[in-house]
Amino acid sequence: MITIPNQSSVARALQEFDANGRMKPSSYYDRVVDVCEELMKFTLLTRDVSAHLTDRYSERKEDAAKLVQRVKLKSI
């Protein structure tokens, strides 16, 4: 499973934004940018294989059950 190894939280978030709603320069800001960059990189690496990565057994099983009902077969 692909995971994003980087994460960040912003302590006292209300104090980390200016009057215009923009995050102030700080180490918190740097960490948030780092996480966003990693998310973008993973998106670029995985977007061409998203159909494969999001193919789920439970959904295929459900679709098979609907097919059985539609064509009135006992099994596929």
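Trainee: Where is the place of S8 relative to α1?

Mentor: S8 lies in the segment before α1. Please keep in mind that this is a predicted model.

Trainee: Is S8 buried, partly exposed or exposed, and what is its relative accessible area?

Mentor: S8 is partly exposed, and its relative accessible area is 35%.

Trainee: Which residues is S8 in contact with, leaving aside its neighbours within four places in sequence?

Mentor: With those neighbours set aside, S8 is in contact with R31, V32 and V35.

Trainee: And how far is S8 from R60, C-alpha to C-alpha?

Mentor: Their C-alpha atoms are separated by 35 Å. Along the chain, S8 and R60 are 52 residues apart.

Trainee: What does the side chain of R60 meet in a salt bridge?

Mentor: The side chain of R60 meets that of D55, with 2.8 Å from N to O.

Trainee: What are the accessibilities of R60 and D55?

Mentor: R60 has a relative accessible area of 42%, and D55 has one of 43%. R60 is therefore partly exposed, and D55 is likewise partly exposed.

Trainee: How many salt bridges does the count come to?

Mentor: The count comes to 2 salt bridges. Besides the pair of R60 and D55, there is a salt bridge between E59 and R56. In the pair of E59 and R56, the closest N and O atoms are 3.8 Å apart, and a salt bridge requires such atoms to be within 4 Å.

Trainee: Why does E59 count as partly exposed?

Mentor: E59 counts as partly exposed because its relative accessibility is 42%, and the class covers values between 20% and 50%. R56 also counts as partly exposed, at 42% relative accessibility.

Trainee: Changing topic, how many helices and strands are there?

Mentor: The secondary structure comes to 3 helices and 0 strands. From the N terminus on, the elements run α-α-α.

Trainee: Which residues does helix α1 span, and where is S27 found?

Mentor: Helix α1 consists of residues 27–46, and S27 is found in this helix. S27 counts as exposed, at 53% relative accessibility.

Trainee: How far apart are the C-alpha atoms of S27 and N6?

Mentor: The C-alpha atoms of S27 and N6 are separated by 15 Å, and the two residues are 21 residues apart along the chain.

Trainee: Back to the segment before α1. What is the phi of R12 near?

Mentor: Phi of R12 is near 50 degrees, which is a positive value in a residue other than glycine. R12 has its place in the segment before α1 and counts as exposed, at 54% relative accessibility.

Trainee: What about the overall shape? What is the radius of gyration?

Mentor: The protein has a radius of gyration of 22 Å, whereas a compact globule of 76 residues would have one near 11 Å. Along its principal axes, the C-alpha trace spans about 65 × 25 × 20 Å.

Trainee: What percentage of the residues count as buried?

Mentor: Of the 76 residues, 7% count as buried. The accessible surface comes to about 6,900 Å², and 56% of this surface belongs to carbon and sulfur atoms.

Trainee: What share of the contacts with a separation of 6 or more comes from residues 24 or more positions apart?

Mentor: Residues 24 or more positions apart account for 41% of those contacts.

Trainee: Lastly, how far apart are the mean positions of the positive and negative charges?

Mentor: The mean positions of the 13 positive and 11 negative charges are 10 Å apart.

Notes: Residues numbered from 1 in each chain as written. Predicted model: local features only at pLDDT ≥ 70, side-chain atom pairs only at ≥ 80, totals over all residues. Heavy atoms only, no water. Buried < 20%, exposed > 50% of the residue type's maximum accessible area, 1.4 Å probe, protein only. Helix = DSSP H or I, 4+ residues; strand = E, 2+ residues; numbered from the N terminus. Rg over C-alpha atoms; globule rule 2.2 N^0.38 Å. Contact = heavy atoms within 4.5 Å. Areas by Shrake-Rupley, 256 points an atom, 1.4 Å probe, with all protein chains shown as cover. Lys, Arg positive; Asp, Glu negative; His and termini not counted. Charge placed at Lys NZ, Arg CZ, Asp CG, Glu CD.
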